[in-house]
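Look over the model first, then read on.

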Amino acid sequence: MAISDTPESTGTTATASITTTTTTTTTTTTIPQVGSDVRRRPSATVVREVSDSTSKTSLPESSDNSAVRDDGESCDDDRNRSTAVIESAKPTTSGNGSGGGGGGGGDNKIGNFDDRGTDFAAVKLAYRPSAPAHRKNKESPLSSDAIFRQSHAGLFNLCIVVLVAVNSRLIIENLMKYGWLIRTGFWFSSRSLSDWPLFMCCLTLPIFPAASFIVEKLVQQKYISEPVVVLLHIIITTASVLYPVLVILRCDSAVLSGVTLMLFASIVWLKLVSYAHTSYDMRAIAKSNEKGDVLASTLNMDCSYCVDFKCLAYFMVAPTLCYQPSYPRTECIRKGWVARQLVKLIIFTGVMGFIIEQYINPIVKNSQHPLKGDLLYAIERILKLSVPNLYVWLCMFYCLFHLWLNILAELLQFGDREFYKDWWNAKTVEEYWRMWNMPVHKWMIRHIYFPCLRNGIPKGVAVVIAFLVSAVFHELCIAVPCHIFKFWAFFGIMIQVPLVLITNYLQNKFRNSMVGNMIFWFIFCILGQPMCVLLYYHDLMNRKGKHE
């Protein structure tokens with residue numbers, strides 16, 4: 001194998017040749033010896049080209065991997081276009097260890113000459129004035145054609161720094177101007193400890209799943225017929241909601257206590273409906289399987305109908321609203337991970353309470369009813385409320401859907417943890433409702449939307465029915481604890497139906513994901529929740545003022 005270089009030099013250059021002969025290879029090394037008038041550039045790169053009859057390999061120098069021109073391109077292209085190639089290598093030895101006439105001292109000297117001469121020569125080849133600096137068409141990083149192909153991690157970090165700095169200043173300014181406004185009266189009034197009826201109601205909610213289990217056991221033993229089963233499940237599920245509503249309305253309790261109880265009651269209702277509906281469907285499939293119908297064989301699932309109390313008990317505490325006999329499970333519980341998530345949950349819950357008491361309460365107290373006062377003043381209040389309301393909503397989402405549901409899933413070893421998708425990238429209102437709350441979305445699809453389609457109901461009507469069910473429970477969870485029945489939440493959810501059509505039309509017209517996402521955030525941050533929160537909060541404060 002022969003290794004040769006022909007370096008370009010400006011001074012007197014001598015070439016020494018060392019030939020090493022082994023049993024298998026003959027190596028010729030050409031060593032450039034640079035005169036004293038050649039100065040060294042330490043930032044240069046040396047490329048060694050080792051060639052034989054079958055291969056050619058480029059080896060970079062250890063200290064400086066690649067020289068880079070001012071325009072950011074590698075210097076390899078310049079060297080490939082150059083007429084001279086720099087090459088240096090130490091003599092190759094074979095199995096007997098003999099290196100030929102140079103010896104060990106000669107090797108060290110070769111290495112020194114290599115570092116001096118080729119360093120400077122490589123720089124000369126890389127920075128030649130005749131080497132082209134522009135070789136292909138390129139877009140600016142922020143141009144419309146290239147902006148989405150760039151990494152914006154630095155700008156994202158900048159936004160975080162600016163966000164922290166601005167909000168820190170606002171918090172300090174708020175504390176200096178208004179002082180510490182946090183109080184516990186809104187969340188836990190002096191009557192909170194006497195809210196034992198709500199607490200007892202919450203403890204008695206498991207009665208309804210037990211009643212549903214008894215009904216399923218009776219129908220499994222064929223003691224009751226299918227129409228009776230349906231009627232009993234309707235009575236049980238309806239009672240599971242009406243019972244907490246009546247208890248809250250009879251007790252003038254704190255708002256937070258009432259909201260918590262209504263959320264538990266709504267979850268129990270959704271789970272019981274899923275349990276009854278799934279059990280009914282499994283019985284129908286089992287009967288079809290007994291008759292030899294094709295339906296059961298075409299379904300890729302376990303169609304056996306089994307009534308197991310352990311399955312129902314696990315389902316009632318699992319972070320899902322859709323019943324099935326078994327779920328994907330994890331192998332172990334990560335106790336350290338659970339502890340870290342609990343700490344995060346406490347911190348973000350405190351942040352949420354701080355924003356509500358320190359910002360939202362004063363804004364609402366100093367406002368008029370948005371539908372009764374001056375229009376410009378109402379717009380100003382809504383815009384001022386939109387930012388803290390958005391922060392509270394994001395904290396609530398993170399605490400509930402990420403932290404709490406993942407903690408619960410980890411403790412129960414529940415495997416399917418897709419509790420939400422990337423709803424923040426939604427281009428339409430429809431995409432948002434399909435991605436932000438996956439447990440409810442899967443329940444709606446499984447027990448309302450597709451059953452309506454299978455019964456011949458048009459797709460548009462099925463969507464309206466799904467939004468109607470959602471609107472009813474939003475109203476119950478807000479109006480009942482506040483003792484205010486103005487149906488703001490109900491109309492706020494039902495107005496999503498025309499917004500779905502409008503945002504879908506705009507998305508199809510503009511064909512741009514950025515436009516659709518901006519429209520979604522505008523509706524979400526300004527026209528949606530802040531308006532509803534301001535209406536309910538204002539009416540609640542007026543009601544509390546009248547009773548005090």
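A residue counts as buried under 20% relative accessible area, as exposed over 50%, and as partly exposed in between. This is a predicted model. Cys477 has 12% relative accessibility, so Cys477 is buried. Cys322, at 8%, is buried because that value also lies under 20%. The structure holds zero disulfides. In general, such a link is a covalent bond between the sulfur atoms of two cysteines.

| Residue | Relative accessibility | Class |
|---|---|---|
| Cys322 | 8% | buried |
| Cys477 | 12% | buried |
| Leu170 | 34% | partly exposed |

Now the surface. Leu170 sits in helix α3, which spans residues 153-178.

The largest nonpolar core has 74 residues. Within this core, Trp423, Tyr432, Trp436 and Trp443 touch the most other members. Helix α7 (residues 255-291) gives the most to this core, with 10 residues.

Which residues does Tyr432 contact, leaving aside its neighbours within four places in sequence? They are Trp393, Trp423, Ala426, Phe520, Phe524 and Gln529. One of these contacts, Trp423, is listed with Tyr432 among the core residues that touch the most other members.

Technical notes. Residues numbered from 1 in each chain as written. Predicted model: local features only at pLDDT ≥ 70, side-chain atom pairs only at ≥ 80, totals over all residues. Heavy atoms only, no water. Core = buried A, V, L, I, M, F, W, Y, C linked by side-chain atoms within 4.5 Å. Buried < 20%, exposed > 50% of the residue type's maximum accessible area, 1.4 Å probe, protein only. Helix = DSSP H or I, 4+ residues; strand = E, 2+ residues; numbered from the N terminus. Contact = heavy atoms within 4.5 Å. Disulfide = S-S within 2.5 Å.
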